[in-house]
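Here are my notes for your first look at this one. Have the view open and follow along point by point.

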Amino acid sequence: MLGAVDLDNIGISGIEKWIDGQGLQELNLAGMAGDARKLEPVALTIDVRVQHALADETLKAMARFKAKAGAGLLLDVDNGEVLALASFPDFDPNVPIDALKPERLNRISAGAFEMGSTFKALTTAMALDSGQFTLKSVIDARKPLQFGRQMIHDYRGKYRMLTIPEVFIYSSNISTARIAMTLGGEAQRAYLTRFGLMSRLRTELPESAAPILPRSWSDVTTATVSFGHGIAVTPLQASMGIAALVNGGRLITPTFIKGAPVAGRVVGSGLVSPATADAMRYLLRYNAEVGSARNGAVAGYLVGGKTGTAEKVVNGRYVEDLVMTSFMAVVPADKPRYLLLTILDEPKGLPETYGFRTSGWNAVPLGGAILRRVLPMLGLQPQSLGTGVAYRDGKEIDAAGDL
């Protein structure tokens, strides 16, 4: 994030480059900067305690799961401030040439990736907002979808009719694709555009990747994009989009500068209805209780989340044995304040994970380990929780309630 400077102390990357890009360097060179003693230091949003915990746990998980890379961030969903960001392997700023190595990029802002099933949160919100689906809607997942020679399967699928909550916790590709196809590709593109996922995200970090979008938007594209395949975005903009689902529908450009005015960074508001926001908070909590995110539980805290496992593309083809796993968590789930994203690139299956390499076995427990360390630092106190699976403002609700 800090970046580096050249031999003349001019920023060439990261926040160092952003600062000089504000005109101070030119004023200095022209002798017009005035009394430097009157200048205020640039204060970043980064909490060094949280940053250390995030980096430490990510490195531990990379070693444990023999992953080639790892990354993560913690975002305040109410103001868009990034409290921590890590991407490994990183580089020593004293040896800046190492930053040019392809594997040393900042994966959170400068890399575009297929985010897998974390996209299902957006597809589900789109379905509920459309008025054509409710939490009680039933979707056909009895058999795979076929598009010519292409087949869409469920990973460990139930192959029966599924309610929307079941679609979410079982992470059904078949059902999610059916939902998107019912609503149509045009509606899908419009929804993703509203959430900032169809164009480059600009923050203070100069290094930012543009999304990689499908060349054409066919039926099969609509189906695969619904569960995060066939479209690649930066993890930072994916986090921004999910944050908008749970913060009342405000799309806020993330910032690394402490105290940056929020009003000027709100690029969309009212993106989801209050009922849809309630439903999404319920589903995220439900998934953390009984679904694929249950290994991220933290005693005394209402954690909610969605997992993602995306097969990687090598030479134009998906490779089943190479995956990037991710976990998008929000806490507290009844009134989210923070969003945590964890990513592991090419994690390996272990005996204790029964050989599985999917997100629930690696990125999710990594998220839980980070949250256990940082939530007390952030002033969130543990609370006594009931036996229900979801909450609104601290009170238990269920899928048959008034959602």
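This is a predicted model: local features need pLDDT of at least 70, side-chain atom pairs count only at pLDDT 80 or more; totals for chains, interfaces and linings use all residues.

1. Start with the open sheet. Five strands make it up, running in the order β4-β3-β13-β12-β11 with antiparallel pairing. The edges are held by β4 and β11 (304-314); each has a single partner strand, so one side of each has no neighbour in the sheet. On average, neighbouring strands here are turned by 15° against each other, direction ignored.

2. β11 pairs with β12 (residues 317-331) in the antiparallel sense, over 11 bridges. Look for V314, which sits opposite R317 in β12. Helix α10 (residues 363-377) packs on this sheet and touches β11, β12 and β13 (338-345). The direction of α10 makes about 140° with that of β13.

3. Next, helix α5 (residues 173-183). How many of its 11 residues are buried? Eight are, so to speak leaving the helix mostly covered; among them are I174, I179 and L183. At the start of α5, a side-chain oxygen of S172 comes to within 3.0 Å of the backbone nitrogen of S175. Just past the other end, G184 takes a positive phi of about 100°.

4. Last, D98, in the loop between β4 (82-88) and α3 (120-130). Is D98 buried or exposed? Its relative accessible area is 19%, and the cut-off for buried is under 20%, so D98 counts as buried. Leaving aside neighbours within four places in sequence, D98 is in contact with F91 and R104.

Notes: Residues are numbered from 1 along each chain as its sequence is written. Side-chain values use heavy atoms; hydrogens and water are left out. Buried means under 20% relative accessible area, exposed over 50%, partly exposed in between (1.4 Å probe, protein chains only). Helices (H or I, at least four residues) and strands (E, at least two) are DSSP runs, numbered from the N terminus. A polar contact is a pair of N or O atoms within 3.5 Å; within protein, one must be able to donate a hydrogen and the other to accept it, and residues adjacent in sequence count only if both atoms are side-chain atoms. Contact means heavy atoms within 4.5 Å. Two strands pair if DSSP finds at least two bridges between them. Axes are lines fitted to C-alpha atoms, for helices over the stretch in contact, and angles run from 0 to 180 degrees between N-to-C directions.
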